[in-house]
Amino acid sequence: MTTPDAAKPAPRVDSEVGPLRAVLLHRPGNELKRLTPRNNDQLLFDSIPWVDRAQDEHDRFADVLTGRGVEVMLLADTLVAALADERAHAAAATTAVNRRRLGEELGDALASHLATIDAKGLADVLMGGLTFEELPDAEGASLVRKMHHPHDFVVDPLPNLLFTRDSSVWIGDRVAIASLAMPARARETALLDLIYAYHPRFRSAGRAYGAHSAPVEGGDVLLLSPGVLAIGVGERTTPAGAESLARSAFRDGLAHTVLAVPIAQDRATMHLDTVCTMVDRDAVVMYPAVRDTLTAYTLRASEDGVSVDGPTPFLEAAAAAMGIDRLRVIHTGLDPVTAEREQWDDGNNTLAVAPGVVVAYERNVETNARLEDAGVEVLRISGSELGTGRGGPRCMSCPVLRDPIVEVRLA
């Protein structure tokens, strides 16, 4: 007998490495088939993925997780379940209509069309988009429609849904809905809002952060240990976003220390988890080019609101906040050239399924070998097509439930 969603364990995530029990993934779909050489840059992909192969690679990724006892929840399924609620359906139809671009008349026509389709059809549009050609003809003439190509989008696709870590992140028993910085991803948060508000598994969950706050993306948020967060500040997360999330976490008792970590504002290091992720209770895999330059501002709750110290070297600040002697560091690659190549190919972007057990792209041969030499078990997956949007196993996964970590092994 299948356990009803509402009867399953409540979501909770206190660390990056506690045994993973449930995770939210998004299997690539029609939204990737909307990518063309004309729009892939705007939609944040470096090339046009072979969608069938990307789906196969993602299926193998999900299989690896289920083989380790992890419950895999697919975003498309959770969205359809949420849209079964009439309130969610009505709200979703509203969020998909950009009246500033379409005007009131065509906006009304689109809203009317979306209101008539079922939950599965609406979910397909919300994720995969809708072209002018696919929108049924409305009464009367429309200049907006006539001046757009039939293959232009009346509802934009969301190919970056694949990276479920960015749009939401669980901190303790609360979910932070990200405020995504790039226009191509802004509407993703509306879908996550609907899922967390109306899906039976999540209805009782509190919010740690709202999508309308200053920019914060989940790829910049690392739960170093219970009560200790690291937040990257760079291309996608602003200082205001990091501070707002820190203040929210302090108010809710979700953290006692937050490290704000400046990172380079470029494509290769768009999030903190592109240069550093946890692989064990006291160990990280890190791009060696930033090891000695990565710093952190330490934020703690105070009587006046928040105290800010630093900057100090990140590794020192992290170990002090975690209450350990030092963080073990496993480098990406063996030499500067290999390190740069494997960092670009998401060698640092690993997903821990338990302390000392991670999922990683198989192509990062040298980094994976170094992880294994350090005692970390590596579960390899293919990522030749999944990686075209610049994201690895951690980017593609939003942990919903992890068991507590029992102890920290002192160095």
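# Reading sheets, helices and cores

Q: Across which strands does helix 9 (residues 188-198) lie, and at what angle does helix 9 run to strand 6?

A: In this predicted model, helix 9 (residues 188-198) lies across strand 5, strand 6 and strand 7, and its direction makes about 160 degrees with strand 6. Helix 10 (residues 239-251) also packs on the sheet, where it touches strand 5, strand 6 and strand 7 and runs at about 145 degrees to strand 7.

Q: How should I read the sheet itself, and in what order do its 3 strands come?

A: The general idea is that strands of a sheet pair through backbone hydrogen bonds, in either a parallel or an antiparallel sense. Here 3 strands make up an open sheet with mixed pairing, and their order is 5-6-7. Strand 5 (168-171) and strand 7 (206-209) are the edge strands; each has a single partner strand, so one side of each lacks a neighbour in the sheet. From one strand to the next, the twist averages 35 degrees. Strand 6 (residues 174-177) pairs with strand 7 in the parallel sense, over 3 bridges, and Arg174 stands opposite Gly206 in strand 7.

Q: Helix 9 also meets helix 3 (residues 75-83); at what angle do their axes cross, and which residues meet?

A: Two packed helices are described by the angle between their axes together with the distance between those axes. For helix 3 (residues 75-83) and helix 9, the axes come within 9 Å and cross at roughly 65 degrees, and the crossing is left-handed. On the helix 3 side the residues are Leu75, Thr78, Leu79, Ala82 and Leu83, and they meet Leu191, Leu192, Leu194, Ile195 and Tyr198 in helix 9. To read such a list of positions, recall that an α-helix has 3.6 residues a turn, so residues three or four places apart point the same way.

Q: Which residues touch the most other members of the largest nonpolar core?

A: That core has 67 residues, and those touching the most other members are Leu83, Leu110, Leu114 and Tyr196. Leaving out residues up to four places away in sequence, Tyr196 touches Leu24, Ser168, Trp170, Val175, Ile177, Phe202, Arg203, Arg207 and Cys398. Another core, of 39 residues, lies apart from the largest one and includes Cys276, Ala296, Leu327 and Val376.

Q: How do I read the two faces of strand 12 (residues 283-286), and which strands pair with strand 12?

A: In a regular strand the side chains alternate between the two faces of the sheet. In strand 12 (residues 283-286), Ala283 and Val285 point one way while Val284 and Met286 point the other way, and all of them are buried. Strand 11 pairs with strand 12 in the antiparallel sense over 4 bridges, and the two form a hairpin with 2 residues between them; the bridge partner of Thr277 in strand 12 is Val285. Strand 15 (residues 328-331) pairs with strand 12 in the parallel sense over 4 bridges, and there the bridge partner of Met286 is His331.

Q: How many residues of helix 6 (residues 119-128) are buried?

A: Helix 6 (residues 119-128) is mostly covered, with 7 of its 10 residues buried; these are Ala119, Leu122, Ala123, Val125, Leu126, Met127 and Gly128. Just after helix 6, Gly129 takes a positive phi of about 85 degrees.

Key: Residues are numbered from 1 along each chain as its sequence is written. This is a predicted model: local features need pLDDT of at least 70, side-chain atom pairs count only at pLDDT 80 or more; totals for chains, interfaces and linings use all residues. Side-chain values use heavy atoms; hydrogens and water are left out. Buried means under 20% relative accessible area, exposed over 50%, partly exposed in between (1.4 Å probe, protein chains only). Two strands pair if DSSP finds at least two bridges between them. Axes are lines fitted to C-alpha atoms, for helices over the stretch in contact, and angles run from 0 to 180 degrees between N-to-C directions. Contact means heavy atoms within 4.5 Å. A nonpolar core is a set of buried Ala, Val, Leu, Ile, Met, Phe, Trp, Tyr and Cys residues joined through side-chain atoms within 4.5 Å. A crossing is left-handed if the near helix is turned anticlockwise from the far one by less than a right angle, and right-handed if clockwise.
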